[in-house]
Amino acid sequence: MAVYYVGDSNPDGMSFGLSTTEKITFFNGTPVVQPATVSTVVTAAITTAAATTTTTFQGLLDAKLRASNIAINTVIARLKTLNLIASA
């Protein structure tokens with residue numbers, strides 16, 4: 001079977017989707033719009049975590065670790081949504 005290449009050798013590159021509301025997908029997934037930014041989730045997580053912990057160094061470190069965990073899980077979920085990594 002022949003390989004079909006997307007692109008026209010334009011030195012400026014390629015783009016998929018003309019706007020954040022246009023749906024795209026990869027690997028036969030369901031097309032979806034562009035997921036929201038991860039930084040919004042991280043900022044909210046840090047604010048929430050910091051507000052619910054003590055002001056000790058360990059408490060602030062725990063808040064940052066929870067926020068990082070939330071950010072990583074958010075990135076994984078969005079990669080799955082775009083079908084760029086397999087869902088378990």
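Trainee: Where in the chain is the place of Ser 9, and is Ser 9 buried or exposed?

Mentor: In this predicted model, Ser 9 has its place in the segment before α1. Its relative accessible area comes to 75%, and since the cut-off for the exposed class is over 50%, Ser 9 counts as exposed.

Trainee: Which residues are in contact with Met 14, leaving aside its neighbours within four places in sequence?

Mentor: Met 14, like Ser 9, is assigned to the segment before α1, and α1 itself covers residues 38-51. The relative accessible area of Met 14 is 48%, which makes the residue partly exposed. Once the neighbours within four places in sequence are set aside, the contacts of Met 14 are Val 6 and Gly 7.

Trainee: How many aromatic pairs are there, and what is the geometry of the rings?

Mentor: The count comes to 1 aromatic pair. The pair is made by Phe 16 and Phe 26, with 6.1 Å centre to centre and 80 degrees between the planes. Because planes over 60 degrees apart belong to that class, the geometry is edge-to-face.

Trainee: How many residues apart are the partners of that pair, and are they buried, partly exposed or exposed?

Mentor: Both Phe 16 and Phe 26 are located in the segment before α1, 10 residues apart. Phe 16 has a relative accessible area of 47%, while the value for Phe 26 is 24%. Each of these values lies between 20% and 50%, so Phe 16 is partly exposed and Phe 26 is also partly exposed.

Trainee: What span does α2 reach from its first C-alpha to its last, and which of its residues are buried?

Mentor: Helix α2 runs over residues 57-81, which is 25 residues, and its reach of 36 Å is close to the 36 Å expected at 1.5 Å a residue. An α-helix has 3.6 residues a turn, so residues three or four places apart point the same way. The buried residues of α2 are Gly 59, Ala 63, Ala 67, Ala 71 and Thr 74.

Trainee: Which residues form the nonpolar patch on the surface?

Mentor: One of its members, Ile 76, lies in helix α2 and is partly exposed at a relative accessible area of 33%. Together the members have about 590 Å² of accessible area. The patch consists of Phe 27, Ile 72, Val 75, Ile 76, Leu 79, Leu 84 and Ile 85.

Trainee: What share of the accessible surface of the chain belongs to carbon and sulfur atoms?

Mentor: The chain has 2 helices and 0 strands, and 10% of its 88 residues are buried. Its accessible surface comes to about 7,000 Å², and the share belonging to carbon and sulfur atoms is 63%.

Conventions:
Residues are numbered from 1 along each chain as its sequence is written. This is a predicted model: local features need pLDDT of at least 70, side-chain atom pairs count only at pLDDT 80 or more; totals for chains, interfaces and linings use all residues. Side-chain values use heavy atoms; hydrogens and water are left out. Patches are made of residues with over 30% relative accessible area and no salt bridge: like charges are joined within 9 Å, nonpolar side chains (Val, Leu, Ile, Met, Phe, Trp, Tyr) within 5 Å. Accessible areas come from the Shrake-Rupley method with a 1.4 Å probe; for residues, only the protein chains shown count as cover. A salt bridge is a side-chain nitrogen of Lys or Arg within 4 Å of a carboxyl oxygen of Asp or Glu. Helices (H or I, at least four residues) and strands (E, at least two) are DSSP runs, numbered from the N terminus. Buried means under 20% relative accessible area, exposed over 50%, partly exposed in between (1.4 Å probe, protein chains only). Contact means heavy atoms within 4.5 Å. Rings of Phe, Tyr and Trp (its six-membered ring) pair if their centres lie within 6.5 Å; planes under 30 degrees apart count as stacked, over 60 as edge-to-face and the rest as tilted. The expected span of a helix is 1.5 Å times one less than its number of residues.
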